[in-house]
Amino acid sequence: MTDRKKLLGEERREKLLSLLQTSDQPITGSALSKMTKVSRQVIVGDITLLKARNEPIVATSQGYIYLQTKKPILHERTVACNHDPSLAETELNLLVDLGILVKDVKVEHPVYGDLTASIMVTNRKEVQQFLEKVSQTKAAFLSELTNGIHLHTIAASSEELLNEAEAALKQADILID
């Protein structure tokens, strides 16, 4: 097969899995579509099919990632926060500076119930990329639906780091006790 040939069906999905599993950083749908010579919409459909097969693929603002099962065991916690949108960068940087993975944001919507969005940031560069994507797309933060009240699932290599994160959020007047 040549590099210019469009990959079809199952062969393409196997290629997508391989690319995601071997990448140490997120890969955008556009980049995957170029690599496989199909449209971005076809990639979205393929990713949906792979997720339906229980492949641990997560869509983040930076692109798709494959959650490797060989990563160190992380301790997780859900924290309740409240702040206006102007403090989103402060909140996320405060957490990643402590070595925290911010996995997602959740809000309780009065009509739709629980809404969850993947964030998956671990450092300031990823925080900046996430915020730039929000700005470029003119998207609202989910917390704007609930007057600033939201939950984050956070993960770290130890309970002590999670405790430090909670203390830092409390000191910044972001944590809801």
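View 1. At 12% relative accessibility, R13 counts as buried (buried means under 20% relative accessible area, exposed over 50%, and partly exposed in between, with a 1.4 Å probe and protein chains only). Helices (H or I, at least four residues) and strands (E, at least two) are DSSP runs, numbered from the N terminus. A note on the model: it is predicted, so local features need pLDDT of at least 70 and side-chain atom pairs count only at pLDDT 80 or more, while totals for chains, interfaces and linings use all residues. Residues are numbered from 1 along each chain as its sequence is written, and side-chain values use heavy atoms, with hydrogens and water left out.

**View 2. The whole chain, for orientation.** Six helices and six strands make up the secondary structure of the protein chain, in the sequence order α-α-α-β-β-β-α-β-β-α-β-α. Its C-alpha atoms fill a box of roughly 60 × 35 × 30 Å along the principal axes. Of the 177 residues, 40% are buried. Among contacts (heavy atoms within 4.5 Å) with a separation of 6 or more, 69% are between residues 24 or more positions apart.

**View 3. Helix α3 and its buried side.** Helix α3 covers residues 40-52, and its 13 residues should span 18 Å at 1.5 Å a residue, which agrees with the 18 Å between its end C-alpha atoms; the expected span is 1.5 Å times one less than the number of residues. I43, D46, I47 and L50 are the buried residues of α3. They cover an arc of only 100 degrees around the axis, so they sit on the same side of α3; the arc is that of the directions from the helix axis to the C-beta atoms. Q41 and A52, on the other side of α3, are exposed. The buried residues of α3 pack against α1 (9-22), α2 (29-36), β1 (57-60) and β2 (63-66). After α3 comes N54, with a positive phi near 65 degrees.

**View 4. Helix α2 and what covers it.** Here the buried residues are G29, L32, S33 and T36. Down the axis of α2 they fall within an arc of 100 degrees, so they line one face of the helix. Their cover includes α1, α3 and β2. Just after α2, K37 has a positive phi of about 60 degrees.

View 5. T60, S61 and Q62 supply 74% of the area that domain 1 buries against domain 2, more than any other three residues. How many salt bridges join domain 1 and domain 2? The count is zero.

**View 6. Two further salt bridges.** The whole structure holds nine salt bridges. R124 and D97 form one of them, with the closest N and O atoms 2.6 Å apart. R124 lies in helix α5 (residues 124-136) and D97 in the loop between α4 (88-96) and β4 (101-109), 27 residues apart. R124 is partly exposed at 48%, and D97 is partly exposed at 46% relative accessibility. D177 pairs with K170 at 3.4 Å between the closest N and O atoms. D177 counts as exposed at 72% relative accessibility, whereas K170 is partly exposed at 49%. Elsewhere, salt bridges that share partners join E10, R12, R13, D46 and R53 into one network.

**View 7. L161 and its contacts.** L161 is found in helix α6 (residues 159-171). Leaving aside neighbours within four places in sequence, L161 is in contact with L98, I100 and A156. The C-alpha atoms of L161 and L95 are 9.6 Å apart, although 66 residues separate the two along the chain.

Note on methods:
Buried area = accessible area lost by both parts, 1.4 Å probe. Salt bridge = Lys/Arg side-chain N within 4 Å of Asp/Glu carboxyl O.
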